[in-house]
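Okay, thanks for coming, everyone.

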Amino acid sequence: IRPTLERLVGLDRHVHLVFGEGPGETMFHARFDHRQFEAERISAVQYLRFLLGADGSRRLADSSLRARLRVDHPHYRREEEIPPSVRESLVASLAREPAALLDLPKRA
């Protein structure tokens, strides 16, 4: 796996969340955890975030717009639609406060 990971150096500049298509297409650049990168290789597992803001959240919720994940690295190119069920789950998550990780007792 090491040679493959070495070929993917720079991946952090080549992953996008894409809404729409053609001239009206909008891309949001993925934000990676830079602790997972070294000078000449990357970790096999990556955690991504997308800062969507109000415009991106609106586009995510608009089911009339295509939504897909695009990788355009010179050594790996792929584009996949985000399934409707995943998209609905993401929209629902953005619309509410995240669930608490711990059930802490209430203070008096």
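Let's start on the outside, with a nonpolar patch on the surface, formed by Leu-101, Leu-102 and Leu-104. Together those three have about 420 Å² of accessible area. Take Leu-102: where does Leu-102 lie? You'll find Leu-102 in the segment after helix H3, the one that runs 84-94. Leu-102 has a relative accessible area of 63%, and with the cut-off for exposed set at over 50%, that's why we call Leu-102 exposed. Keep in mind that what you're looking at is a predicted model.

Now, the overall layout. How many helices and strands does the chain have? We've got 3 helices and 6 strands, and if you go along the sequence they come in the pattern α-β-β-β-β-α-β-β-α. The radius of gyration is 17 Å, well over the 13 Å that the globule rule gives for 108 residues, so the chain is more spread out than a compact globule. If you'd like dimensions, the C-alpha trace spans about 55 × 40 × 20 Å along its principal axes.

Okay, let's go inside. Buried residues make up 29% of the 108 residues in the chain. The largest nonpolar core has 9 residues: Leu-5, Leu-8, Leu-11, Val-15, Ala-30, Phe-32, Phe-37, Ile-42 and Val-71. Apart from that one there's another core, of 7 residues, including Leu-17, Phe-19, Phe-28 and Ala-67.

Let me pick Ala-30 out of the largest core. What does Ala-30 touch, once we ignore its neighbours within four places in sequence? Ala-30 is in contact with Asp-12, Val-15, Leu-48, Arg-49 and Phe-50. Then look at His-29, which sits in strand S2, residues 26-29. With the neighbours within four places left out again, His-29 is in contact with Asp-12, Arg-13, His-14, Val-15, His-16, Arg-49 and Phe-50. His-29 itself is partly exposed, at 37% relative accessible area.

Asp-12 makes a salt bridge with Arg-13, with the closest N and O atoms 4.0 Å apart. Are these two partners buried or exposed? Asp-12 counts as buried, at 14% relative accessibility, whereas Arg-13 is exposed, at 55%.

The salt bridge count comes to 11. Another one joins Arg-70 and Glu-79, where the closest N and O atoms are 2.5 Å apart. Arg-70 is buried, at 15% relative accessibility, while Glu-79 is partly exposed, at 33%. And that pair belongs to a network of salt bridges that links Glu-25, Arg-68, Arg-70 and Glu-79. There's also one between Arg-78 and Glu-80, at 2.8 Å from N to O.

Last stop, helix H2, residues 53-61, which is where Ser-57 is placed. Ser-57 is partly exposed, with a relative accessible area of 27%. Leaving out the neighbours within four places, Ser-57 is in contact with Leu-52 and Leu-94. And its C-alpha is 9.4 Å from that of Leu-90, which is 33 residues away along the chain.

Definitions and conventions:
Residues are numbered from 1 along each chain as its sequence is written. This is a predicted model: local features need pLDDT of at least 70, side-chain atom pairs count only at pLDDT 80 or more; totals for chains, interfaces and linings use all residues. Side-chain values use heavy atoms; hydrogens and water are left out. Patches are made of residues with over 30% relative accessible area and no salt bridge: like charges are joined within 9 Å, nonpolar side chains (Val, Leu, Ile, Met, Phe, Trp, Tyr) within 5 Å. Accessible areas come from the Shrake-Rupley method with a 1.4 Å probe; for residues, only the protein chains shown count as cover. A salt bridge is a side-chain nitrogen of Lys or Arg within 4 Å of a carboxyl oxygen of Asp or Glu. Helices (H or I, at least four residues) and strands (E, at least two) are DSSP runs, numbered from the N terminus. Buried means under 20% relative accessible area, exposed over 50%, partly exposed in between (1.4 Å probe, protein chains only). A nonpolar core is a set of buried Ala, Val, Leu, Ile, Met, Phe, Trp, Tyr and Cys residues joined through side-chain atoms within 4.5 Å. Contact means heavy atoms within 4.5 Å. The radius of gyration is taken over C-alpha atoms; the globule rule is 2.2 Å times the number of residues to the power 0.38.
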